[in-house]
Amino acid sequence: MAGQAAVLDATAASAAPGRARPIHPLIVRLTHWLNAAAVVVMILSGWQIHNAYPILPFRFPDGVTLGGWLGGALLWHFAAMWLLMANGLVIFAYGIASGRYRRKLLPITPRAVIADAFAALRGELSHARLDDYNAVQKLLYLGVLCLLLVIVASGFAIWKPVQFAWLTSLFGGFQGARIVHFLAMAGIAGFIVIHVVMALLVPRSLVAMLRGR
Amino acid sequence: MTRLFAPPRVLSRSDQRAFVKEALRRLDNPARRRFLKGAASVGAFALLSGCDITDGISAEGALRAMSDFNDRVQAALFDPVKLAEEFPESAVTRPFPFNAFYPREEAPAVDPADYALEVSGLVERKDGWTLDKLYALPQVSQITRHVCIEGWTAIGKWSGVRFADFLKLIGADLSARYVGFTCADGYATSIDMPTALHPQTQLTFRFMDEVLPRIYGFPMKLRMPTKLGYKNPKHITEIFVTNDYPGGYWETYGYNWFSGL
């Protein structure tokens with residue numbers, strides 16, 4: 001019986017080309033890890049930059065920051081931003097053009113999000129299929145994509161408040177843009193915590209992001 | 001853990017002069033990229049692994065190259081006719097913050113009687129400028145926002161001569177790449193010619209309708225609302241026009257040179 005099932009599986013795999021495709025194509029895995037590196041550098045150097053003149057009344061411990069001092073942190077920040085943006089453009093273009101975002105992240109309804117959130121809290125949410133996101137996952141991925149757009153836009157508003165004055169005023173001025181930039185960072189950092197915990201709880205998902213399946 | 005570019009300590013005046021002189025000498029050197037070698041030994045790896053790889057890969061070269069790339073991107077983004085926002089007098093920040101690499105008491109006291117601004121480099125008329133001659137030039141005012149690299153901002157009112165007018169008066173080569181500044185407090189910086197010619201770039205003699213106070217840069221500063229605060233030199237003693245990259249005080253430590261807003 002077991003042998004027969006294996007034969008059937010193998011037949012199905014070779015007969016249906018869709019099954020042979022990896023869960024995460026190479027471009028998704030590559031851009032995922034480049035993005036992860038860029039985001040970590042941006043956040044840790046950003047904490048050091050924040051410490052020079054905190055926009056919210058606290059400082060990050062120096063031990064968790066990158067750059068050593070303001071000038072070093074700015075060098076890291078303004079280097080990694082090109083990686084973040086170039087990599088982001090590639091994967092946004094791919095995600096939209098290939099239909100991957102539409103397939104993976106839509107449709108999403110508030111009702112489904114609430115139902116899946118409760119199911120998740122009761123520990124009843126299945127991760128049997130890595131290529132099929134539940135509504136909470138869809139919400140988190142869509143949310144972090146939006147936050148990445150907001151953090152890049154507010155970053156430009158802080159970097160070029162004269163050349164892109166319209167963008168800076170959109171965020172309520174220079175200090176407003178700093179606050180938005182900070183809050184978007186906090187949202188992304190929160191996402192990373194959940195994302196990493198979930199990946200460790202379902203190690204197969206981590207393997208899939210490395211090997212493709 | 002190795003720090004990326006140690007922040008400077010407060011030095012005595014003579015130490016500052018010696019330091020800046022040495023720094024600028026090194027900047028002139030083709031090997032200036034090595035000035036900070038070792039200071040940037042892969043902060044990220046040291047940070048993540050908790051160990052120090054001083055003999056390992058140095059990230060400094062790559063970071064410096066990216067900063068040079070960012071200079072070029074910013075030069076391309078710079079719109080020579082785009083004006084920085086101007087404000088009503090009621091928006092002025094009081095008191096206006098003092099900021100320098102030394103405490104307020106150490107701001108230099110320049111004697112106006114024997115002061116003369118030197119102009120040099122690619123200019124036709126190199127005679128010095130007394131304050132009376134400078135004050136006699138047509139003056140303009142601006143109320144603009146000063147943006148510090150640290151993240152704070154302050155609005156002030158500055159008056160003086162439009163820098164583009166001054167450059168034309170001295171017969172500067174307007175196709176040269178850089179304008180450099182030497183200052184009485186041992187500071188130095190340099191800017192690109194398009195920013196030097198921007199309509200809001202001002203050789204400033206007055207602050208809040210009074211003679212520029214000592215702590216804000218007497219006898220003159222260069223005011224540019226299109227660049228970060230530290231690019232606005234105070235206590236200027238010499239202005240030079242050149243095609244050789246002159247660098248600057250904070251730029252030597254790793255602050256980005258163009259730093260346009």
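Predicted model: local features only at pLDDT ≥ 70, side-chain atom pairs only at ≥ 80, totals over all residues.
Read from the N terminus, its elements simply go α-α-α-α-α-α-α-α-α-α. The C-alpha trace of chain A spans about 70 × 35 × 35 Å along its principal axes. Out of its 213 residues, 25% count as buried. If we look at contacts in chain A between residues at least 6 apart in sequence, 58% of them link residues at least 24 apart.

For contacts in chain B between residues at least 6 apart in sequence, the share that joins residues at least 24 apart is 68%.

Some helices of chain A are worth a look on their own. Helix H9 of chain A covers residues 174–201, and its 28 residues should span 40 Å at 1.5 Å a residue; the end C-alpha atoms are 41 Å apart, so the two values agree. Its buried residues are A:Ala177, A:Arg178, A:Val180, A:His181, A:Ala184 and A:Met185. What do the buried residues of H9(A) pack against? Their partners are helix H3 (26–52), helix H7 (135–159) and helix H8 (165–170) of chain A. As a bit of background, an α-helix has 3.6 residues a turn, so residues three or four places apart point the same way.

Just after H6(A) comes A:Gly123, with a positive phi of about 70 degrees. In the loop between H5 and H6 of chain A sits A:Pro107, and the peptide bond joining A:Leu106 and A:Pro107 is cis, with omega at about -5 degrees. Helix H5 of chain A (residues 100–105) holds A:Arg103. Is A:Arg103 buried or exposed? A:Arg103 counts as exposed because 12 other C-beta atoms lie within 10 Å, and the cut-off for exposed is 12 or fewer. A:Arg103 and A:Asp132 are 29 residues apart along the chain, yet their C-alpha atoms are separated by 9.2 Å.

Now for the place where the chains meet. The contact takes 30 residues from chain B and 23 residues from chain A. On the chain B side, the elements giving two or more residues are helix H2 (43–49) and helix H3 (60–77) of chain B. H3(B) gives the most to that side, with five residues. By type, the chain B side splits into 17 nonpolar, eight polar and five charged residues.

The largest nonpolar core has 70 residues, and the ones touching the most other members are A:Val41, A:Met42, A:Ala73, A:Trp76, A:Ala79, A:Ala80 and B:Val179. Helix H4 of chain A (residues 70–97) gives the most to this core, with ten residues. Chain B takes part too: the core draws at least three residues from each of domain 1 (13–76) and domain 2 (83–253) of chain B. In soluble globular proteins, nonpolar side chains tend to be buried together. Setting aside neighbours within four places in sequence, A:Met42 is in contact with A:His77, A:Ala80, A:Met81 and A:Leu84.

Back in chain B, strand S9 (residues 236–242) pairs with two strands. Strand S1 (residues 118–121) of chain B pairs with S9(B) in the parallel sense, over four bridges. Strand S4 (residues 178–183) of chain B pairs with S9(B) in the antiparallel sense, over six bridges. B:Phe240 in S9(B) shows up in both pairings: B:Phe240 is the bridge partner of B:Ser120, and B:Gly180 also stands opposite B:Phe240.

A cis peptide bond with omega of about 5 degrees joins B:Phe218 and B:Pro219, and B:Pro219 is in the loop between strand S7 (210–211) and strand S8 (221–223) of chain B. B:Asp209 is not a glycine but has a positive phi of about 65 degrees. B:Asp209 lies in the loop between strand S6 (202–207) and S7 of chain B and is exposed, with 9 other C-beta atoms within 10 Å. B:Ser259, also not a glycine, has a positive phi near 45 degrees. B:Ser259 lies in the segment after helix H7 (249–253) of chain B and is buried, with 25 other C-beta atoms within 10 Å.

Notes
Residues numbered from 1 in each chain as written. Chains lettered and ligands numbered in written order. Contact = placed C-beta atoms within 7 Å. Core = buried A, V, L, I, M, F, W, Y, C linked by C-beta atoms within 7 Å. Buried ≥ 20, exposed ≤ 12 C-beta atoms within 10 Å, placed from the backbone. Domains from an automatic or database assignment. Nonpolar A, V, L, I, M, F, W, Y, C, P; charged D, E, K, R; others polar. Pairing = 2+ DSSP bridges. Expected span 1.5 Å × (residues − 1).
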